[in-house]
Amino acid sequence: MPMHQPRTFFDIPRQRPATPLLDRISSPPDMRHLNQEQLQLLVDELREYLLYSVGQSGGHFGAGLGVVELTIALHYIFNTPDDRLVWDVGHQAYPHKILTGRRDELLSIRQKDGPAAFPRREESEYDTFGVGHSSTSISAALGMALASRMQGKSRKAIAVIGDGAMTAGMAFEALNHATDTGADLLVVLNDNDMSISQNVGGLSNYFARLLSSRTYNSMRDSSKRVLQGAPGLMELARKTEEHFKGMVASPSTLFEELGFNYIGPIDGHDLPLLLETLDNIKELSGPQFLHVVTQKGKGFAPAERDPIGYHAINKLEPEPRVKVAAPAPKALKYSNVFGQWLCDMAEADKDLVGITPAMCEGSDLIAFSKRFPDRYYDVAIAEQHAVTLAAGLACEGAKPVVAIYSTFLQRAYDQLIHDVAIQNLDVLFAIDRAGLVGEDGPTHAGCYDLAYLRCIPNMVIMTPSSEAETRLLLSTGYQHTGPAAVRYPRGAGTGSEPAPDLETVEIGKSVCRREGKSVALLAFGNMLKPALVAAESLNATVIDMRFVKPLDTDCVLNLAQTHDLMVTLEDHALMGGAGSAVLECLQTHQVQTPVYLIGIPDAFIEHGKPAELHRSLGMDADSIIKRVRQRLKQIDKTAPLDTPATPLSAG
């Protein structure tokens, strides 16, 4: 490895090579031949390419810009992929993907058959752990470090975790266990919001180099050996070191008490300092903790000013050469409907409390947080705490509403059962991003909530089919005594305008949206729209089921008596979903009418636009027409209940 140059080296104006350095990098070993001046040029090129590529494809943006120097330094100092590098969440992994052989493919990231938005083991040997949910990196990297020790291998394990992800309990559970094992683990805290410390400057950088140096750590270990026979002096030395570190880097006390050797905070955009510090740390054994401070959106002024708005962006379209008429106002998204309803209900009921696990913007709680700050709680990335906090509030007469994504509610399943449902507490779950969410892929798809909620006693589960229905069912769930859930998809719906009032509907009652013959389409949630289109060609009856639990048993049994075929439609896994509920109902009442289940098969569905995914799975209107007609040809009225349908494609 080249010797590190003095830091003043980077003050020299950099001459760009005729051929971009990035074009020569197909993997990290190619990068390790570069000198420090070339590495700094590579920083500039990588940041520019990230700006260009994400502008072409859309995707996560700000976090990647902030870790360009860190990504280069980690791959330069450590022998990846043999050394295991684990990224938390993966929002910041775009530079990592570029440097590990996926530069050209990044132009199609998040698109069907293109690279995933997050690291995936199937995609590259450099993606050591598949991620999507936050706060998993330390646990995973620790497992890798322990496995290496069992196998007698000397490879390093590095976890890169953001300050937001560090708020989750799982991260601290892993930190606590890591020190108990004594594993050779490096945790890199990417602090891009200065939420832990702003103590970044010459003095702290100096002490970071000192505390990571071989000389200091050799003296530290030697002193421990000398003092082992004198417990009193050993304790005095430990406290002296702790207080010394506390003077220059206040977060050190927490991580040192957990048993980590804390280093930092240092400037995450100072490449020479990163290289020197990581080179020193690489030689240390046991749990190490490096705190780096970065700027989200670094190098792109709008993202630096608005890191939340530029967390992710859509594809940037060129300005039209000819002036066109102003576009029509965008349709309300389901999350907007929820946000408006929450404010309106809070005006009507002083007991309402809004809770979110770090999804204020995504769940559209911004207006509520400003208008009702005393009744708004963002608990950070702590889904388990969010649910039990709601349970505690409900015990004292408050009316909590937990705004949470479907895929994130999975993390609080134990609390949902034990702390809310068993006690039959008044907690409303507003479950966003239900069904296939599209470009973010299987880690963010809300395909399992109906199954894991339906089996819990005391739960009421609602699936609104439109914006107007969403508001109605939110009010219904809120007024219900006991736990209730309203699950709705990402994005906009049918364009139906919600009424401004707070009306409710009868629990467990469906609505007939179209009367037909022979075929009955039982639509749950957003599947009503394709069902109505398909029904015109099939002359089918269409029922907006509204409730998965309690199911409208009377409606189901009546349809079974008056139709030759019942078809359930749901944007959810077929196994254990709404269609299963219909089959259970018929089985309980010993009814033999054929039932055809259409939904998501028993497979993880890859990323792509929701419309094309639904089409590939046979869930769009045209596919429903074809599949129902095929099934009608096969019907034998004396046959037993059908099993779930095989989709046209698994995506």
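Two strands count as paired if DSSP finds at least two bridges between them. Helices (H or I, at least four residues) and strands (E, at least two) are DSSP runs numbered from the N terminus. The model is predicted, so that local features need pLDDT of at least 70 and side-chain atom pairs pLDDT 80 or more, while totals for chains, interfaces and linings use all residues. Residues are numbered from 1 along each chain as its sequence is written, and side-chain values use heavy atoms, without hydrogens and water.

**Sheet**

An open sheet of mixed pairing is formed by seven strands, ordered β9-β8-β10-β11-β13-β12-β17. Because β9 (376-378) and β17 (547-549) each have a single partner strand, one side of each edge strand lacks a neighbour in the sheet. From one strand to the next the twist averages 20°. Strand β12 (residues 460-462) runs antiparallel to β17 and is joined to β17 by two bridges; I461 stands opposite K549 in β17.

**Helix pairs**

Axes are lines fitted to C-alpha atoms, for helices over the stretch in contact, with angles from 0 to 180 degrees between N-to-C directions.

| Helix pair | Axes come within | Crossing angle |
|---|---|---|
| α22 (residues 553-562) and α23 (residues 578-588) | 10 Å | roughly 75° |
| α21 (residues 528-538) and α25 (residues 621-634) | 8 Å | roughly 45° |

Angles under 35 degrees count as roughly parallel, over 145 as roughly antiparallel, 65 to 115 as roughly perpendicular and the rest as oblique. Helices α22 and α23 are therefore roughly perpendicular, and α21 and α25 oblique. In contact (heavy atoms within 4.5 Å), T553, V556, L557 and A560 of α22 meet V582, C585 and L586 of α23.
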